Amino acid sequence: MARRIAAGAAYGGGSIGLIGAAAVGVFLAEVQLAKRQVGGGTAPVPPSADGRYGVAFAGPNDAMRLGMLGDSTAAGQGVRRAGQTPGALLASGLAAVAERPVDLRNVALPGARSDDLERQVSLLLADPARVPDVCVIMIGANDVTHRMPATQSVRCLTTAVRRLRTAGAEVVVGTCPDLGTIEPVYQPLRWLARRVSRQLAAAQTIGAVEQGGRTVSLGDLLGPEFAANPRELFGPDNYHPSAEGYATAAMAVLPTLCAVLGLWPETDRLDGARREDILPVAKAASQAAREAGTEVTGARAPWALLKHRRRRRLPASTEPTPHAHPDAAHRHA
């Protein structure tokens, strides 16, 4: 199914249904029930984390530039401090590994679907002199909940990855999270949400890898910790991650972020003891969607590397040193 979605996106195919018609009635009833229970708390507006991290490493080397794109997960909705957002955590970690300052610019928008990526990419590429060195995209959940056709969703993502790669930026995509892990969602909606989320995540992987990006499967927000401690890792609205949840996600994305920039000591050689393999890209994508935290990297077509990089504890994140940009206000537009 993921291969069909990706192929439909690449060749202009129409919408591909992800659930059978017989399930629609039950599905819609469960959606209404979930909507009444999700959002029982208040998710604060995500704090702006734009600025410079790792100022202690200031020296002859220029600062690296990190761009964040996507939806509320990329923006960090659900936490109150800038240093708790995934962008800040990744910028701090990247600065510590590279021993260079990192300038973060986050153009993610809460509620965004994949068709908003065109606007977000344009914001990041507006100044040719400040093209990001690397970009992280987290998108997909709103595509599922708003029933955006999967082919359209993947087409928008692949276009964004292609534009960023053409401009010279490396790209890491955190694929669609597993919406079946949301606590107020019950069966059979939980099963359907998990199925649709995984199919979209796998299709996103195929599309992104074919455009020269790397992906990390967010799945159940990257680890058994989330399934074991949902009340700890969910935010107050029962939908967005808490600070601990974002830290768990960032800890899994950081190794790939560093690897794509050549900063990580691990190589792309396969480690059989960690169940790493080289597989056809569609099979690698499908397998990654089932196991959170899995990286997929393109090899010689049609093959891809399936990696399980070792997670390392993040350095303590600090609040950003302001580094104003004229378009920063667009983030919450």
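This is a predicted model: local features need pLDDT of at least 70, side-chain atom pairs count only at pLDDT 80 or more; totals for chains, interfaces and linings use all residues.

Me: How far apart are N61 and R100 in sequence and in space?

Reply: The two residues are separated by 39 residues in sequence, while their C-alpha atoms are 6.9 Å apart in space.

Me: How should I read a salt bridge, and how many are found in the whole structure?

Reply: The criterion is a side-chain nitrogen of Lys or Arg within 4 Å of a carboxyl oxygen of Asp or Glu. A search of the whole structure returns seven such salt bridges. One of them joins the side chains of E170 and R165, with an N to O distance of 3.6 Å.

Me: Are E170 and R165 buried, exposed or partly exposed?

Reply: E170 has a relative accessibility of 23%, so it is classed as partly exposed. R165, at 28%, is therefore also partly exposed.

Me: Which residue forms a salt bridge with R214, and which parts of the chain does the pair tie together?

Reply: The side chain of R214 meets that of E295 in a salt bridge of 3.2 Å, N to O. R214 lies in strand β6 (residues 214-216) and E295 in strand β8 (residues 295-298), so the contact ties together parts that are 81 residues apart in sequence. R214 and E295 are both buried.

Me: What is the N to O distance in the salt bridge between E295 and R309?

Reply: That distance is 2.5 Å. The pair links distant parts of the chain, 14 residues apart: E295 is in strand β8, and R309 is in the segment after β9 (303-307). Both E295 and R309 are buried.

Me: Which residues are linked with D103 in a network of salt bridges?

Reply: The network comprises R52, D103 and R130.

Me: How many disulfides does the structure hold?

Reply: A disulfide is a covalent bond between the sulfur atoms of two cysteines. This structure holds zero disulfides. The exposure of its cysteines can still be read, with C135 and C156 as examples: C135 has 0% relative accessibility and is therefore buried, whereas C156 has a relative accessible area of 21% and so is partly exposed.

Methods
Residues are numbered from 1 along each chain as its sequence is written. Side-chain values use heavy atoms; hydrogens and water are left out. Buried means under 20% relative accessible area, exposed over 50%, partly exposed in between (1.4 Å probe, protein chains only). Helices (H or I, at least four residues) and strands (E, at least two) are DSSP runs, numbered from the N terminus. A disulfide is a pair of cysteine sulfur atoms within 2.5 Å.
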